[in-house]
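Okay, everyone, thanks for coming. Let me put the structure up on the screen, and then we'll walk through strands and salt bridges together.

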Amino acid sequence: MSERPDEFDVIIVGGGMVGAAAASLLGRCGFSAALVESRPPDRFDPAGEVGLRVSAISPGSANILAQAGAWERIESLRACPYRAMHVEEAGHAGGLDFEAEAFGLERLGTIVENDLVQSALWGALESNPMIEVHCPAEVASLQDSGARVEVTLDSGKRLGASLLLAADGGASPLRRRMGIRQDIWEYNQQGIVCVASTDPVNPGVAWQRFLPGGPLAFLPLSDGRSSLVWTRPREAAGELLGRSDEAFIEALNEAAEGGPGRVLTVGKRAGFPLAMRLSESYCSGRVALLGDAAHVVHPLAGQGVNLGLADAAALVEVLVEGRRGSEEPDLDRCLARWQRWRRSESELMAGGTHAIRALFTPPMLAGARAVGLRLVGKSWLARDFFIRRAAGIGRNAPRLSRGTSLKDLLRAS
């Protein structure tokens with residue numbers, strides 16, 4: 001075991017999309033950071049098959065990833081921007097259409113594989129001298145004095161810092177270790193994911209239909225196929241996952257009723273349980289929770305990773321502003337401000353998504369839902385509010401999300 005710990009400004013535990021983004025942003029702002037991750041990310045192969053887990057990266061999140069040094073690589077390898085979105089209620093004509101141009105946006109979002117986002121961020125970390133990566137490594141013990149955090153890794157190596165960021169996922173061992181309680185809603189649903197080809201090909205439209213039991217979404221991919229996310233009750237999802245490809249495609253086409261195209265083929269399928277998890281606190285002492293460690297929301301609005309990236313950008317913003325005029329920011333004040341900000345935003349998004357899920361699940365409310373979609377469609381203000389918040393560029397979004405560069409953020413401080 002080492003005699004003295006290596007000292008950093010920040011320790012980040014978890015090198016997924018959110019943890020790696022936080023590390024890259026912090027290093028680019030002059031904070032020294034140690035990133036601890038249990039397993040290295042797979043090398044992304046742009047010639048390989050599209051991964052099952054994708055994210056709808058909002059324009060705000062794209063801005064954050066650009067400042068983290070990852071977005072250019074992401075777009076150069078495999079990403080699909082979408083400029084239109086269609087939402088409808090099964091069995092009812094019409095629906096709700098959103099066009100990026102109508103809201104002064106170049107795109108509504110970009111569909112990107114999670115593995116590509118993580119790989120691009122780790123590539124950015126390799127050239128960042130302020131970041132020290134410990135991988136594979138796990139936290140064996142944690143001590144938090146209230147002013148300083150020290151962790152011992154499973155290798156015996158010790159790391160010390162003024163702040164530790166737990167970005168270690170929804171099951172977060174660090175959150176449990178800190179005794180932070182969560183409110184949990186189990187939906188008794190699974191999200192079935194797969195990649196499908198359609199005739200005609202997906203023209204670059206994000207399409208979603210609300211069905212009894214959960215929504216069905218076709219998300220456009222760069223090769224004209226779609227990444228599908230089909231929410232079903234747990235037992236029904238298990239039955240669908242056990243079907244042959246032919247039987248699954250038949251059920252899919254029946255549910256989509258044509259949708260953006262008739263499904264011709266599907267690839268490997270997988271299912272994941274759906275739940276909402278909200279931590280009662282995002283901070284304990286000098287430990288702060290980021291991303292899924294703090295909050296998990298229903299995927300129907302596609303906001304999970306976007307919330308986590310905004311967590312990281314907001315924390316960097318308050319730390320940079322807290323350092324204004326001095327070398328050491330008042331971390332207690334910074335964390336209090338950050339927690340109020342991000343808990344308010346994530347709980348608003350989680351609560352809204354939870355309410356939408358509740359509204360759109362019971363079959364007996366189908367008529368009311370169709371009327372609601374038409375009313376929103378007629379209200380430009382409602383659509384503008386919805387789009388700007390979903391795009392991550394609303395008034396309460398971090399400055400990096402709204403297009404401020406790290407250079408300007410640092411200059412202002």
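This is a predicted model: local features need pLDDT of at least 70, side-chain atom pairs count only at pLDDT 80 or more; totals for chains, interfaces and linings use all residues.

Now look at β2. Four bridges join β1 to β2, and that pair runs parallel as well. Take Val13 as a landmark: its bridge partner in β2 is Val36. How does the chain cross from β1 to β2? The path goes through helix α1, residues 17-28, and this β-α-β crossover is right-handed. While we're on strands, a handy thing to remember: in a regular strand, side chains alternate between the two faces of the sheet.

Okay, on to salt bridges. The structure has 24 of them. Let me show you a few.

Here's one between the side chains of Arg43 and Glu126, at 3.5 Å from N to O. Arg43 is in the loop between β2 (33-36) and β3 (54-57), while Glu126 belongs to helix α4 (residues 114-126), so this pair ties together parts that are 83 residues apart in sequence. Are these two buried or exposed? Arg43 is exposed, and Glu126 is too.

Next, Arg342 and Asp311. Their side chains meet in a salt bridge at 2.7 Å, N to O. Arg342 is in helix α9 (residues 331-360) and Asp311 is in helix α8 (residues 304-322), so the pair ties together parts 31 residues apart in sequence. And the accessibility? Arg342 has a relative accessibility of 2%, so Arg342 counts as buried. Asp311 is buried too, with a relative accessible area of 0%.

Arg337 forms a salt bridge with Glu321, and their closest N and O atoms are 2.7 Å apart. Arg337 is in helix α9 and Glu321 in helix α8, 16 residues apart, and the pair links distant parts of the chain. Why does Arg337 count as partly exposed? Because its relative accessibility is 32%, and partly exposed is the range between under 20% for buried and over 50% for exposed.

Technical notes
Residues are numbered from 1 along each chain as its sequence is written. Side-chain values use heavy atoms; hydrogens and water are left out. A salt bridge is a side-chain nitrogen of Lys or Arg within 4 Å of a carboxyl oxygen of Asp or Glu. Helices (H or I, at least four residues) and strands (E, at least two) are DSSP runs, numbered from the N terminus. Buried means under 20% relative accessible area, exposed over 50%, partly exposed in between (1.4 Å probe, protein chains only). Two strands pair if DSSP finds at least two bridges between them. A crossover is right-handed if, with the strands pointing away from the viewer, the path from the first strand over the helix to the second runs clockwise.
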